[in-house]
Amino acid sequence: MKEVEMKMLERAKALLESGEVARVVAWKKGDFCFDPSPAVFESVEELDTFVYDWFCGANLSKYLIQIAKKEGKTAVFLKPCDTYSFNQLVKEHRIDREKVYVIAVECLAKLDVEKMKAKGVSMIESVEVVDKDVHVKTAYGEETLYKPDVVLTKCETCNKTHQAKDEEIILHERPERDVNRFAEVEKLEAMTEDERFAFWRNQLSKCIRCNACRNVCPACSCVKCVFDNPASGISAKANDDQFEEQLFHIIRAFHVAGRCTDCGECSRVCPQNIPLHLLNRKFIKDIDGLYGEFQAGETTEGKTPLTSFTEGDVEPKDVFNGEAK
Amino acid sequence: MYRISKEKLNDLYAKINETSGLYIPVKRAGEVNYAVWGEGKEVSLETLKTVKSPKSMFFPQTENMMKFKTDGKNIEVIDVREQFDERRPFVLFGVKACDYKAIEVLDKVFLGDPVDSYYKMRRETTTIVTLACSRPEESCFCKVFDVDATAPQGDVTTWLDAEYLYWQANTEKGEALTALVQELLEEGGETEVATQQAQTKAVIERLPFSNLDLSRFTPENLNALFNEKEWEEMSEACLGCGTCTFVCPTCQCFDIRDFKTNEGVIRYRCWDSCMYSDFTLMAHGNSRTTQMQRFRQRFMHKLVYYPSQYDGTYSCVGCGRCVNKCPQNLNIVKVIKTLGGKNND
Amino acid sequence: MIEETLIPKVGVITDVRKDTPDVKTFRVVGTDGKKLFQHMPGQCAMVSVPGVGECMFSITSSPTNEEYMEFSIKKCGCVTEVIHAMEVGQQITVRGPYGKNFPVEEDFKGKDLLFIAGGIGLAPLRSVINYVRHYRDHYGKVVIVYGARSKDDLVDIEEIQTEWMNEPNIEVYLTIDRPQEGWDGHVGFVPAYVKELGLDPNMTAVLCGPPIMIKFTLAGLLELGFEKSRVYTTLELRMKCGVGKCGRCNVGDKFVCKDGPVFRMTELDELPDEY
């Protein structure tokens, strides 16, 4: 990762120095080795804090809605999964593609420090990844964790490849993996209604209505969310049990259905670790089943299953009755 | 000092539960939060930081304040506070030193004139049992705010090691609770507690944030700090969500709203966040239109405004929840390091 | 059960007066027909329509009125819209009084007073002006400069013209922004008018109106030689509790609901620019 980071830094410097771009959207170092933040760099000097490491899981594409409106061109580093969100935002006219210079970067799955801490590792001083081993140095000693156990949930079943790039910095191609991203959804589908209801009630009852899932979601790009609009009649920020557990997240999943690229940011940012991405994945799986396989964000043009009609479309009543193929 | 073997803790909870409601860190769907104890609940005293702080015991995220019945042009106001009369006393168990300090911060706001009766009624009927920390982690910085994580206050202070929970009453309420569970307790533990305290203190000294410099956060510097150009950069990744606010043990801003039901109107209050764009929205304008302004408000309030209002007490207790939970890794430590004083380098 | 300030009293509207196309004045008493509570000039109250919302309004009537309270309310949001549709006999809820009042018994006593208002800004000043009129011999000269967009936007013009302007020891200067048929008075913006009038800078001044008016009028007053420590104004921010707890109206280390709404200009100078 260090090598890739150096190359990225080199490119960021060159782009800023030449004036080809006015700013670079990337990540900056935090206080530890595991807490980088998204950042905007406008000069070579500012790049002192530039970082690209195993903890740069954040999807930078949504920031471009605002940032790319600024004067001049904006360069951004996007991981494979981030490019789908980016394309989707371009498709929805939230981002002007012409104003963004996309540099595709390798990912190889990012780490989740919370999962590492849950394995009993604390006071982390440094982290090094060699193949599937995560070597952690802590104030209490050294430990090696098995990488697949401690990657971000969104990375566990990711098979995404770059869909948008003006250039790329990739030293290691991640091999295609034999993973089923719908495995967890299938488990939920196999439950009885009562079990499934209990599962979601248990999970959603933890919700503190912080709106992190909505605010980070690239598909939630409404200028004014209906839940923030006092005139909507359903504006709410109260954590009322019934509403939280049964409505807010489900309505949100409906709102982003057909546009959600499965970037997994909702689950990454949830302070209560609610597996929100499973709601979206259920929609993706159903859309695949009802209308044929479709991946949002693969292109910046074209119609989507839920925004186009063909005579062969499945009838709503068949969907409702569970008879749709 | 008393002690109770860890195997007997369930008996202790059951005993307390006979006369009082018991709120304690409980694991549900993988996360540990304060919840009402009951048989079969998975208690997790070992968890260093519950996701939500115990503030919701006194200041719930949502609470009904009153009801209105309207009939033609007439309005009847219905006080719903009688529910407090029937409410059982509560024991809040396992509160860490930082969270206890946070309750003191909230007390200044809610018990100050005019007293908030909703808060006061809960606060008065609750006995707080604190629990000393024995394994603080890198995001902890309570020492900066003069909190001793090894000797929290409260009505009863407890310490936990591999075998025992050690118990010491500090107040009348604490003595009463001790008397109630006396049969389960045995004397002893001074040496073990002292040893644990010494070890933990040594760890705290070595924590990376234990020596943050707050010296610039004074009322005199209010405007200078407000006008720092760094706010722009510090806030640029802020999503404007309420995670930091809602996991924070001292954030106390609220909204009051009406909810129409078939039986009339319920006026409730709920937690609110100064990070939200509609927090200051009025019919004719908004005093904070950018996320930078909202971000700045939150930290200025904790580090400058609140201390200026309440005798220099900071409204941060160094629990580190925002450090762990901010989706984009922004937090108060980064603000302190950037603006707090020259010894932060 | 201990008292709870957030639980309001029920008030009854006993009179509705249309002052301007978008301002109405509502007279309110308790369900027993008596005044709901005592207040001082400049203080505010939370008025609510259950199911719609609660808003802070300044109490327009003078504390010396023993019978009722009045609120002059401009239609500008969802709560005020509903209130504007109300008729006599309609109940609302009221709680208060909140905030710091004008220092009528302290700093204003014995002083010459200048009141400058723009538009609905007259609402909080009406209370203090009528208080001063009631205790007329406690105060020196009284000068009132009041402006609005048009003559139809002058709030309480009837009271001003029939009472205030007819009192020998009160000078009233009215102005409207643009010429208008049926108006033979002064035309021009308040800040310019204030400078034109060449007022005595030794007066204690009270400003109330839209932020832009306050800004330019204050600059004008300073030019005339007024001292900031003797200039007062009121602030308005979003409020929910009214007692300095909900956090909304926080500016710097002040809460507008509790430490305001009345501020001395020198106090405002110390606050961060966020109001």
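This is a predicted model: local features need pLDDT of at least 70, side-chain atom pairs count only at pLDDT 80 or more; totals for chains, interfaces and linings use all residues.
Chain B contains 12 helices and 15 strands. Its radius of gyration is 22 Å, close to the 20 Å given by the globule rule for 345 residues, so chain B is as compact as a globular protein of that length. Along the principal axes, the C-alpha atoms of chain B fill a box of roughly 65 × 65 × 40 Å. Of the 345 residues of this chain, 50% count as buried. Contacts in chain B between residues at least 6 apart in sequence were also classed by separation: 69% of them join residues at least 24 apart.

The contact between chains A and B takes 32 residues from chain A and 34 residues from chain B. On the chain A side, the elements that give two or more residues are β2 (37–41), α8 (193–204) and α9 (212–216). The largest share of this side comes from β2(A), with 4 residues. By residue class, the side of chain A that touches chain B divides into 16 nonpolar, 10 polar and 6 charged residues.

Within chain A, helix α7 (residues 183–190) packs with helix α12 (residues 277–291). Two packed helices are described by the angle between their axes and the distance between the axes. Here the axes of α7(A) and α12(A) come within 9 Å and cross at roughly 85°. Since angles of 65 to 115 degrees count as roughly perpendicular, α7(A) is roughly perpendicular to α12(A). From α7(A), the residues in contact are A:Glu184, A:Val185 and A:Leu188; they meet A:Leu278, A:Arg281, A:Lys282 and A:Lys285 in α12(A). The residues of this helix contact divide into 3 nonpolar, no polar and 4 charged.

In chain C, helix α4 spans residues 190–197, and its buried residues are C:Val190, C:Pro191, C:Tyr193 and C:Val194. Seen down the axis of α4(C), these buried residues fall within an arc of 160°, so they line one face of the helix. The elements of chain C that cover the buried residues of α4(C) include the strands β7 (113–118), β8 (142–148), β9 (170–176) and β10 (186–187). Helix α5 (211–224) of chain C is also among the covering elements. Just after α4(C), C:Gly198 takes a positive phi of about 55°.

Note on methods: Residues are numbered from 1 along each chain as its sequence is written. Chains are lettered from A and ligands numbered from 1 in the order in which they are written. A residue is buried if 20 or more other C-beta atoms lie within 10 Å of its own, exposed if 12 or fewer, and partly exposed in between; C-beta atoms are placed from the backbone. The arc is that of the directions from the helix axis to the C-beta atoms. Two residues are in contact if their C-beta atoms, placed from the backbone, lie within 7 Å. Ala, Val, Leu, Ile, Met, Phe, Trp, Tyr, Cys and Pro count as nonpolar, Asp, Glu, Lys and Arg as charged, and the others, Gly among them, as polar. The radius of gyration is taken over C-alpha atoms; the globule rule is 2.2 Å times the number of residues to the power 0.38. Axes are lines fitted to C-alpha atoms, for helices over the stretch in contact, and angles run from 0 to 180 degrees between N-to-C directions. Angles under 35 degrees count as roughly parallel, over 145 as roughly antiparallel, 65 to 115 as roughly perpendicular and the rest as oblique.
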